[in-house]
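Open the model in your viewer and keep the sequence panel beside it. The stops below are given in the order in which to select them.

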Amino acid sequence: EHDPFAFTGLTYDDVLLLPEETDVIPSEVDTTTQLTRNISVKVPLISAAMDTVTESRMAIAMARQGGLGILHRNLSIDDQAAMVDRVKRSESGMVTNPITTSPDATVAEVDAVCGQFRISGLPVVDGAGKLVGIISNRDMRFVPDSEKATTKVHEVMTSGDLVTGHVGITGEEAFALLGKHRIEKLPLVDDNGILTGLITVKDFDKIDKYPDATKDEQGRLRVGAAIGFFGDAFDRAVALRDAGVDVLVVDTANGQSRGEIDMIRRLKSDPTFAGVDIIGGNIATREGAAALIEAGADAVKVGVGPGSICTTRVVAGVGVPQITAIYEASKAARGTGVPIIADGGLQHSGDIAKALVAGADSVMLGSLLAGTDESPGDLIFVNGKQFKQYRGMGSLGALQTRGKKTSYSRDRYFQADVPSDDDLIAEGIEGKVQYRGTVRQNVFQLTGGLHQSMFYVGARTVPELKSRGRFVRITPAGLKESHPHDVQMVVEAPNYRK
Ligand code: RVP
């Protein structure tokens, strides 16, 4: 029987977690959780695939802090693949396929490459791939700017007495060699002197500095990237896979659509994608989640309309308040081993635990990260206050083609066939959010809030939180009481904003 008023939808502000008996303290909880079938993260936070949130800088910062970044898809295939490459090269036990230069390249060229990848030097190889030297900032420092375009690498590189390691060297041996010779880079070579890898001292520093980092088997940071289903979407998936992406998100505004389901099926049945987990989304019902799981998704992303910049619920009148959407989707996922990602609508750290108790395994954040240093775009000053731009991927700005060849965001809203910018129907807005410092500071406050939630609920682990957590439904009066009231804030709190 078709019942048009099936149930009531609740969202974050409609519920609170009940305090429970506890013998847990916040500092000893473990927030490790399953992101997809095959990938776990120590921090359940994912940055949104939006062009004002996640490019390579954000993805690197999120993975270092123990979460993950999903690179947006409103750019060319080549540009997006290059971002994957930048993240995968950013930090590792060893770079297996290091960027190199040739003896005949110019110092200016090396400078440009180093700047682009934020590295301090390059191994120099001949045409056959044989290591002939190494060039670093130290070698280039005394070349005057005016001569950089004419000075050749072989004139300034270090080539005599090169310290190298042999392929298969252990981390400890490499670290000892770097220390003994007081050098920063150790090229690895095979018996014929062919360059096979590179170990840098920075990689060891970072292991100490980012103990929670989300890494692959080779010690490289993990990264995800969004794709669609329309046009050359499969070529995009192939390019991202070849660049080393760990996770692909088939990213549309209605995951329960033929185009998306077919794309997930195609990727899951292609053995060349066996090493890449596929996330499907977004859906907001039990049936939607079941459809994506049936298609083979390795995780299901939930959220139709909760996003801070989203107008789908008013433009189309469609959506499900997020706590109910998560809860419904989690019913379809139960027992399947497919994790749920709660995407959009989180405003405060307390919303993370609410999402997990409702049935999610991790959360995706847009507005809470858009104001950080690592998001794309410059600071905007308004009346002496600092802001950063933040816009929906369904906003007019993201959908229209003005000034570019095409918009890659249109098929997210199933408008790839719309002939002119004038005929677009936006489902998002363009705005700004307050500047809020580094990703590190913000992730620290967000996970800190989650630690407090877990203490109150008496949960040492995320699975314990999910099974122990219970909600109370609240009224608008209860919500008013939850926030600071009857007082004027005089000091800015690090984790509270109205
Ligand atoms: P929020 O964290 O509330 O800012 O929401 C971010 C989420 O909003 C994204 O991950 C995405 O699912 C959704 N989004 C992005 N663009 C739009 C839109 O234009 N409607 N919505």
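Which residues in helix 9 meet which residues in helix 10? I261, I264 and R265 in helix 9 meet A291, L292 and A295 in helix 10, contact being C-beta atoms, placed from the backbone, within 7 Å. The residues of this contact divide into 5 nonpolar, no polar and 1 charged (Ala, Val, Leu, Ile, Met, Phe, Trp, Tyr, Cys and Pro count as nonpolar, Asp, Glu, Lys and Arg as charged, the others, Gly among them, as polar).

This is a predicted model, in which local features need pLDDT of at least 70, side-chain atom pairs count only at pLDDT 80 or more, and totals for chains, interfaces and linings use all residues. Residues are numbered from 1 along each chain as its sequence is written.

Now show residues 258-269 (helix 9) and 286-295 (helix 10): their axes come within 8 Å and cross at roughly 30°. That makes helix 9 roughly parallel to helix 10 (angles under 35 degrees count as such). Axes are lines fitted to C-alpha atoms, for helices over the stretch in contact, and angles run from 0 to 180 degrees between N-to-C directions. Helices (H or I, at least four residues) and strands (E, at least two) are DSSP runs, numbered from the N terminus.

Next, select the open sheet of 3 strands, in the order 8-9-10 with mixed pairing. Its edge strands are strand 8 (165-166) and strand 10 (195-200), each pairing on one side only; pairing needs at least two DSSP bridges. Strand 9 (residues 185-189) runs antiparallel to strand 10, joined by 5 bridges. Pick P187 to find L198 of strand 10 opposite.

Finish at the ligand, where G307, G366, G392, G394 and G428 come nearest of the 23 residues around the ligand (C-beta atom, placed from the backbone, within 6 Å). The shell has 8 nonpolar, 13 polar and 2 charged residues.

Conventions. Parallel < 35°, antiparallel > 145°, perpendicular 65-115°, else oblique. Contact = placed C-beta atoms within 7 Å.
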